[in-house]
Amino acid sequence: MNCDDVSKQSGLHPKPPGLVLQYGTAGFRTNAKLLDHIMFRMGLLATLRSKKTKATIGVMVTASHNPEEDNGVKLVDPMGEMVTPTWEGYATQLANAEQEDLLAALKDIIEEEAINMSQEADVFVGKDTRSSSASLSKAVLDGVSALGGRNKDYGLVTTPQLHYMVCCQNTQGKYGEATVEGYYKKLCQAFIQLTKNASNCTDDQKHLSVDGANGIGALKVREMESYLKKELHISLFNDGSAGKLNHQCGADFVKVQQNPPTGMKINSGERCCSFDGDADRIVYYYTDSEGQFHLLDGDKVATLISTFLKELLTQAGIDLEIAVVQTAYANGSSTNYLEDTMKVIVRCAKTGVKHLHHAAQEFDIGVYFEANGHGTVLFSKAAEEKIRQLAEDSIADDERKRAALLLQDTINVINQTVGDAISDMLLIEAILAIRGMTIQQWDAIYKDLPNRQLKVKVSDRRAIDTTDAERRAVSPTGLQEAIDTLVKKYSQARSFVRPSGTEDVVRVYAEADTQESADALAHEVSLAVYRLAGGVGGEPKPLH
């Protein structure tokens, strides 16, 4: 390691003394003004990770659905997945080392991981459209070069596109070509092949209104349109030409507010979807003839996709285990429908995409979505091989073969590395077209149970500890018993509490057969949390 070079470069990206930041579920995120040193150091860390894995590592500069003045950074591991937990720890150590301790912190990681510093390193860097992203990604590149790494700067890309590039690079092109054009070609060709199986689709049915959250997703949808060969007609709103990133628009806004985004003209019954700021989440919605808003979130998406895949597997006569991975926040109706009607395995994982991704890898086909719209589908190597063999089998009967070819195109339209709004959108559009389904028919597969989410401020979130994928509280004593008693008062009810990962609040979720009951249950559970887990401020007020 050239210590002088690192010291010199690091001096250009000094750390504000005393500032402490944590590498969370989605990397570092905070006000952009505080991130210059973090970016430089993540460039250093990515270079070490590349030397250690002898593979290309990705660094994405984005703060996803956060407000425009924020920014953030996350590392991408060799197969396009999120960086491994041990290295999240190193990221936090390195980020928080005071200026004079930086070299020592680097040496600790090098020794701990026995990294051969003469090993070559390659790092891919991408950024979103925030005004701060240009200088911050430059700081990442400085970090890479300070340790003698090679970099490839992809400039403006969605987060899922960077994950995709890293996977393509490290599979020597088996997963696809590591260029933005390669990404569009692979996904759009598969989409066009799929929609050939849709009988007499009218132009009306091919139309979709997309809210780009005034972010990178809007730019990339524009670039992709020519590859779709008019098989999908997109009306793009919040394309970044006028509004602010994520301001009153985007997937998070629509999901939380249960309202269409500002700046979008919606005709009744029309299919609409929203991306988030870095295009890794998607939610669908429409308004009915009464002007009532209907949201189709990650649960509805997972149900649509898994139902489609299960039908194709049955038609193909391939015996593969398919499962849907949800979190405790998944609506109870979706879980019941999947288990009781579709007879699909449902797994519950802790909140956070990395936990769902991990659980999905245990099955032949794992469909995972958080209710917020972040998710994808994973196919095991064995599953892909079985499907490929049938698709190429010259003596298989026509129906089985057709199903296998559909499955093959489905695999190609999916970005298996991470949740990807563009890829998910193409898959959903293809499924609706093939099944000749309207968004209303999709929505009617099951009816969501009314639910409510609340937050309770506490003096220390660590007072709450949970088990069973966050569905039951083990501490403080008496809290779970109190929740169980309250839940028994209502019909079709459930409730759980979990500490926030970032602030001293406890999140409360409740659902029941009516909105009034869900609201009342959420309020009563909030009071129990306030009283038993050290609530601060005034006690929670009833909602009505």
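Predicted model: local features only at pLDDT ≥ 70, side-chain atom pairs only at ≥ 80, totals over all residues.
1. Helix α2, which covers residues 36-53, packs against helix α5, residues 133-146, with the two axes 7 Å apart and at an angle of about 40 degrees. The two helices are therefore oblique to each other, and their crossing is right-handed. On the α2 side the contact is made by Asp36, Met39, Phe40, Gly43, Leu44 and Thr47, while α5 contributes Leu136, Ala139, Val140, Asp142, Gly143, Val144 and Ala146. Sorted by class, the residues of this contact divide into 8 nonpolar, 3 polar and 2 charged.

2. The pair α13 and α14. Here helix α13 (residues 381-391) and helix α14 (residues 398-413) have axes 8 Å apart and pack at an angle of about 135 degrees, which makes α13 oblique to α14. In this case α13 passes α14 in a left-handed crossing. The residues that make the contact are Glu384, Ile387, Arg388, Leu390 and Ala391 from α13, together with Arg400, Lys401, Ala404, Leu405, Leu407, Gln408 and Ile411 from α14.

3. The crossing in which α17 passes α18 is right-handed. From α17, the residues Leu479, Ala482, Ile483, Leu486 and Val487 meet Leu521, Glu524, Val525, Ala528, Val529 and Leu532 of α18. By class, the contact of α17 with α18 holds 10 nonpolar residues, no polar ones and 1 charged residue.

4. Valine 456 and its contacts. Valine 456 is placed in strand β15, which spans residues 451-457, and it is buried, with a relative accessible area of 3%. Once its neighbours within four places in sequence are left aside, valine 456 is in contact with Asp504, Val505, Val506, Val508, Ser526, Val529 and Tyr530. Of these, Val529 is also among the α18 residues that meet α17. The C-alpha atom of valine 456 is separated by 37 Å from that of serine 268, a residue 188 places away along the chain.

5. The peptide bond that runs from serine 475 to proline 476 is cis, with omega near 0 degrees, and proline 476 itself lies in the loop between β17 (472-475) and α17. Serine 475 can also be related to glycine 24, for the C-alpha atoms of these two residues are separated by 23 Å although they are 451 residues apart along the chain. Glycine 24 is found in the loop between α1 (3-11) and β1 (28-31), where it is partly exposed, with a relative accessible area of 26%.

6. Serine 64 has a phi near 50 degrees, a positive value in a residue other than glycine, and its place is in the loop between β2 (56-61) and β3 (70-76). Aspartate 468 likewise has a positive phi, near 50 degrees, and lies in the loop between β16 (465-467) and β17. Are these two residues buried or exposed? At 2% relative accessibility serine 64 counts as buried, whereas aspartate 468 is partly exposed, with a relative accessible area of 37%. Anyone checking the backbone in the model may wish to look at both loops.

7. The cysteines. How many disulfides does the count come to? The count comes to 0 disulfides. For cysteine 273, the closest cysteine sulfur is that of cysteine 272, and because the two sulfur atoms are 7.9 Å from each other, they are too far for a bond, a disulfide being a pair of cysteine sulfur atoms within 2.5 Å. Cysteine 273 is buried, with a relative accessible area of 0%, while cysteine 3 is partly exposed, with a relative accessible area of 23%.

Note on methods:
Residues numbered from 1 in each chain as written. Heavy atoms only, no water. Axes fitted to C-alpha atoms, helices over the stretch in contact; angles between N-to-C directions. Helix = DSSP H or I, 4+ residues; strand = E, 2+ residues; numbered from the N terminus. Parallel < 35°, antiparallel > 145°, perpendicular 65-115°, else oblique. Left-handed = near helix turned anticlockwise from the far one by under 90°. Contact = heavy atoms within 4.5 Å. Buried < 20%, exposed > 50% of the residue type's maximum accessible area, 1.4 Å probe, protein only. Nonpolar A, V, L, I, M, F, W, Y, C, P; charged D, E, K, R; others polar.
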